[in-house]
Number of protein chains: 4
Amino acid sequence: MGQITRFGISMDSKLLERFDEYIEAHSYANRSEAVRDLVRDRLVQDEWRHEDTETVGTITLIYDHHQRDLTEKLTEHQHQDHNAILSTMHLHLDHHHCLEVLAVKGKVKTVKKIADRLLSIKGVKHGKLVMTSTGKNL
Amino acid sequence: MGQITRFGISMDSKLLERFDEYIEAHSYANRSEAVRDLVRDRLVQDEWRHEDTETVGTITLIYDHHQRDLTEKLTEHQHQDHNAILSTMHLHLDHHHCLEVLAVKGKVKTVKKIADRLLSIKGVKHGKLVMTSTGKNL
Amino acid sequence: MGQITRFGISMDSKLLERFDEYIEAHSYANRSEAVRDLVRDRLVQDEWRHEDTETVGTITLIYDHHQRDLTEKLTEHQHQDHNAILSTMHLHLDHHHCLEVLAVKGKVKTVKKIADRLLSIKGVKHGKLVMTSTGKNL
Amino acid sequence: MGQITRFGISMDSKLLERFDEYIEAHSYANRSEAVRDLVRDRLVQDEWRHEDTETVGTITLIYDHHQRDLTEKLTEHQHQDHNAILSTMHLHLDHHHCLEVLAVKGKVKTVKKIADRLLSIKGVKHGKLVMTSTGKNL
C-alpha cells in the first residue's frame, strides 16, 4: 500500500441508497472499499484486452481420471508450459471426478493458449479460465 | 434526477492513476460519472438475479429470411407476447440476412422466456438478450 | 442456405439425456438446431477477439432525457459515426427515461469505440454492447 | 463413462468449415469432443440458475498480505464455512501479493455467499468465482 488520495463523488441520493443496500448485502466495510472493488474489477477486465500484458490467471478443470491416457496428457501438456504454470491443486470429488486448479503467470495470449489446450483434451468435462492480475498497481 | 449527495472515497494513489487513465480512454467527463456508471452497472446485474423484478431488455436477432416459415414464426411468437414487446427495429443486412431488435418490458423471468423462445427458432443464426433496466432509481 | 453436410456425434447417454431436457426446455425443434446454435454462438465470440473483423453490433442505452444537453450530445456523437450507425430505435419508457438501441456495422474496434463513447456520456444510466455478426458464413 | 449414444447432426457446409477451423485452432481431437464441450458448458451455465443445486466452484483471490488483519479475517471466514471449503492453494506472487484459490462444494446459493463475503474483505484486490460442477451426469 502506498500513498492514499481522497476525492469526492456526487451521486443521486436514490442511487446512493440502492448502492448502500448493495454494500450491506455484500458485507463491504464502507463505500470506499466497494468503489475500489468496482474500479479494480474493471481495470482487470481492461488489462485482458491487451494480448501482451503480463498477468496471472487460474484454470479450473473438472475431469474423469478413468478416461484413458488423460492423466498422462494433462501432465505432458503442463510440463510443456512449466515456465508459466506456477502451481497446481488437485482434489478427488468422487470415485470418477477430479477438480484441478492451475495458477498460471505470463502474457495474456500465453495464458489463454494454455487454457484452450487443456480445456480441449478428451475427458476434461468442464473448464474455465479466470483472468485476474499480478496485483501490481491495483 | 433528484437530490444529489456528495461523499468521499479514499484510494491508493497508483490505483487512482490507473483509474484516471481509464476515465480518459473512455471519455468520461469526470470521476463521479465513471463511478456512477460502475455502480449502476453492478446494480443492474444484481437486479437480474431476482426473477420477479420488473425490468427492460433488448433482444438482438440475426436471421436468414429465406428460411421457410421463419418470418411467420417470428411474427406469431411476438404476437403471443405482444403485452411485453414494446417495439421492434428491423434491418436488411444483405440479400439474406436480417437484424431485428426487440425492446421488451416485464418480469425478469418473462423477458428471459421470450428470448429463449425466439433464439431457438430455426433460421435464427445468432441472438443475444441485453438485460438492462427501467431506469428508475438508477 | 447452401449445401448441407451430415455428420455423427457420439455422446455419453446420460449427458445426451440432460441435453435433450435442455432442448425441450428451450423449445428447440431438434438436436441439430440446438448444436448449430451452440456452434454459431461460439464462433461469434471468437470473431470478436480479432479487432479488424467486419461485424455488426447493437448498442442499448437507457438515459434520462431531462439531463441537460444529453440529446444534443447523443445526436452529435451519432453523426460523427454516421457511416457505421445503420439505424436507431427510440422508446419513451416513462416521463424521464428513454431506451435507445443503435445498430452498428464496422470493424470490431470501431464498434467498441462507438459503444465506449456513448456509454460514458453523462445522463446515460446504463448501456450494453451486443456483439453479433453480419450473418455471413454462420 | 457409461453407455455411448451416436446421433447425426446436419449443418450448412460453410458453417461446418468454420467450426472445423475452430476445432483445429483449439486442438480438439474431433468434432464429437468439441460438441460435447459446448453442450457441457451450456448445461453448467444452466445449472447455476437454480439456487439449490449441489455444485462445485473455485474462488480466486488476489490480496496484499501486508493489509492489517487480512490474513486473520480470511482464515476466520474460511473456518466459518469449513464444511463447504474443500481445499485451498496459496502462492506468493511477489513481496506483497498472494494468490489464493479455494475449492468450494455446496448449494449454488452457499457458494455464491462465500464468494461475496471473501471478495468484499478490505485488502482483497481482485476475486472471481468460477461456477463449475460436480462432474456428475456431464
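This is a predicted model: local features need pLDDT of at least 70, side-chain atom pairs count only at pLDDT 80 or more; totals for chains, interfaces and linings use all residues.
**Exercise 1. With which residue does D41(A) form a salt bridge, and how far apart are the closest N and O atoms?**

Residues are numbered from 1 along each chain as its sequence is written, chains are lettered from A in the order in which they are written, and side-chain values use heavy atoms, with hydrogens and water left out.

*Solution.* Begin with the rule: a salt bridge is a side-chain nitrogen of Lys or Arg within 4 Å of a carboxyl oxygen of Asp or Glu. The partner of D41(A) is K128(D), and their closest N and O atoms lie 3.0 Å apart. Between chain D and chain A the count is 2 salt bridges.

**Exercise 2. Describe the contact of chain D and chain A.**

*Solution.* Start with the residues: chain D gives 50 residues to the contact and chain A gives 50 residues, where contact means heavy atoms within 4.5 Å. Next comes the buried area, that is, the accessible area (1.4 Å probe) that two parts lose on being put together, summed over both. For chain D and chain A this area is about 3900 Å², with 57% of it on carbon and sulfur atoms. On the side of chain D, the residues that lose the most area to chain A are M89(D), K125(D) and H126(D), which together make up 15% of what that side buries.

Then count the polar contacts, which are pairs of N or O atoms within 3.5 Å; within protein, one atom must be able to donate a hydrogen and the other to accept it, and residues adjacent in sequence count only if both atoms are side-chain atoms. The interface of chain D and chain A has 23 residue pairs in polar contact (both at pLDDT 80 or more). Among the elements that give two or more residues to this side of chain D are α2 (31-47), β3 (85-92) and β5 (124-131) of chain D; helices (H or I, at least four residues) and strands (E, at least two) are DSSP runs, numbered from the N terminus.

**Exercise 3. Describe the contact of chain B and chain C.**

*Solution.* Here 51 residues come from chain B and 50 residues from chain C. The area buried between them is about 3900 Å², and carbon and sulfur atoms give 57% of that area. The rule for salt bridges finds 2 across this interface, including the one between D41(B) and K128(C), whose closest N and O atoms are 3.1 Å apart. Polar contacts join 22 residue pairs of chain B and chain C (both at pLDDT 80 or more).

**Exercise 4. Which residues does T5(D) touch?**

*Solution.* First place T5(D), which lies in strand β1 (residues 4-12) of chain D. Leaving out residues up to four places away in sequence, T5(D) touches I9(C), S10(C), M11(C), S13(C) and L16(C). With S13(C), the side chain of T5(D) makes a polar contact of 2.9 Å.
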